[in-house]
Amino acid sequence: MITNARIASTGSYLPERVMTNSELETLVDTTDDWIMARTGIRERRIAAPDQSSLDLAEQAALAAMKQGGFTADDIDLIVLATCTPEKVFPSTACLLQERLGIHGCAAFDVQAACAGFIYAFGTANSFIRSGMAKRALVIGSETMSRVIDWTDRSTCVIFADGAGAVILEATEEPGVLSTHLHADGAYKDLLEVPGWVSDDYDQGYETAPYMKMKGNEVFKVAVRELGRSVEEALAANDMERDQVDWLIPHQANIRIINAVAKRLQLPEERVVKTIERHGNTSAASVPLALDEACRDGRIQRGQVILLEAFGGGFAWGSALAVY
Ligand code: UT7
């Protein structure tokens, strides 16, 4: 018998504070119309000053554990995706492990920027398929607001905060069908947060630890590689486009989401879109969208779901699964 990993439960958490496009109009030279037309974002959530990626992750994890009826003893692996960790180390996964009262199991962070959740999901899937874990807590949690330069209109209107979690468990039924992870560091300069660990703190930062993005160039590679990646997932499973029930894309830009959906010839009603209300929450965006659509009953057990994400590195990937 082959062991698969199935999505047993999901959870998510959004900070309370809503930041609208009108508020951004008071910070930078932008308009609600531009932001809506070019990104599809109307509002986003921003963490409170005392809330960290760990706090957001904890709430999402507890929601997923509650939904699945799991206790701390049921979890034997934690993989947490973030590019805005609580500290340099220990990993946010270890800090979360302590918060949740889980002891002894493997816990580590995955850093693949906006593609982090797909990487974490692929990693946990491999652990389960190889028999190294039975029930994994997989999380994407970000406080992107901490690395936003609030004077840079090309990034501050896009990125946001939130967390999403999935519990994957071993099963002999169908579950995750395949995951496909890619990266190309040749694109490192197009989307980055320069500086930090190696900078001399006493002298102040040589390079401000804020995100920089050449948005238009990122856009073009994202559309191309995400298109390839979803087709790769279908080909690996000998599946046709019309066998996909739901696309759950990274919520980076509504125009990127629509371009990938068009390539799959998927009607709009089979694409989960949260970008209008969530903005781009980096590694949290896919599990946030997945949780929303599972909880409101759109995604039903037995349906085929296709996840994809693209981000800094560049790192990108896709995952195909039976929910
Ligand atoms: O999640 C990780 C991966 N990230 C992504 O996938 C993001 C990919 N990139 C994007 O989503 C888009 O490139 C952006 C939304 C960032 C920008 O949209 P765009 O259509 O690519 O705009 P652009 O960068 O080509 O800029 C067009 C114009 C420029 O003005 P000029 O030079 O034509 O006069 C910009 O200065 O829009 C201007 N602009 C803005 N105007 C009003 C850029 N940002 C803004 C803004 N408000 N916030």
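Hi everyone, let's start in a loop: P90 sits between β4 (77–81) and α4 (92–100). Helices here are DSSP runs of H or I with at least four residues, strands are runs of E with at least two, and both are numbered from the N terminus. The peptide bond leading from F89 into P90 is cis, with omega near 0°.

Before going on, a word on the source: this is a predicted model, where local features need pLDDT of at least 70, side-chain atom pairs count only at pLDDT 80 or more, and totals for chains, interfaces and linings use all residues. Residues are numbered from 1 along each chain as its sequence is written, and side-chain values use heavy atoms, with hydrogens and water left out.

There is another cis peptide bond, between G313 and F314, with omega about -10°. F314 lies in the loop between β12 and β13 (315–322).

Let's look at some polar contacts, meaning pairs of N or O atoms within 3.5 Å. T30 places a polar side-chain atom 2.7 Å from a ligand nitrogen, and W34 has a polar side-chain atom 3.4 Å from a nitrogen of the ligand. In the side chain of R153, an N or O atom is 2.8 Å from a ligand oxygen. On its own the ligand exposes 950 Å², and the protein buries 73% of that (accessible areas by the Shrake-Rupley method with a 1.4 Å probe).

A pocket is an open set of points on a 1 Å grid over the protein atoms alone, where a 1.4 Å probe fits, with protein on both sides within 12 Å along at least five of seven lines; lining residues have an atom within 4 Å of a point. Of its 28 lining residues, I158, M213, G215, N216 and N253 are closest to its centre. Here too α7 gives the largest share of the lining, six residues.

Definitions and conventions: A polar contact is a pair of N or O atoms within 3.5 Å; within protein, one must be able to donate a hydrogen and the other to accept it, and residues adjacent in sequence count only if both atoms are side-chain atoms.
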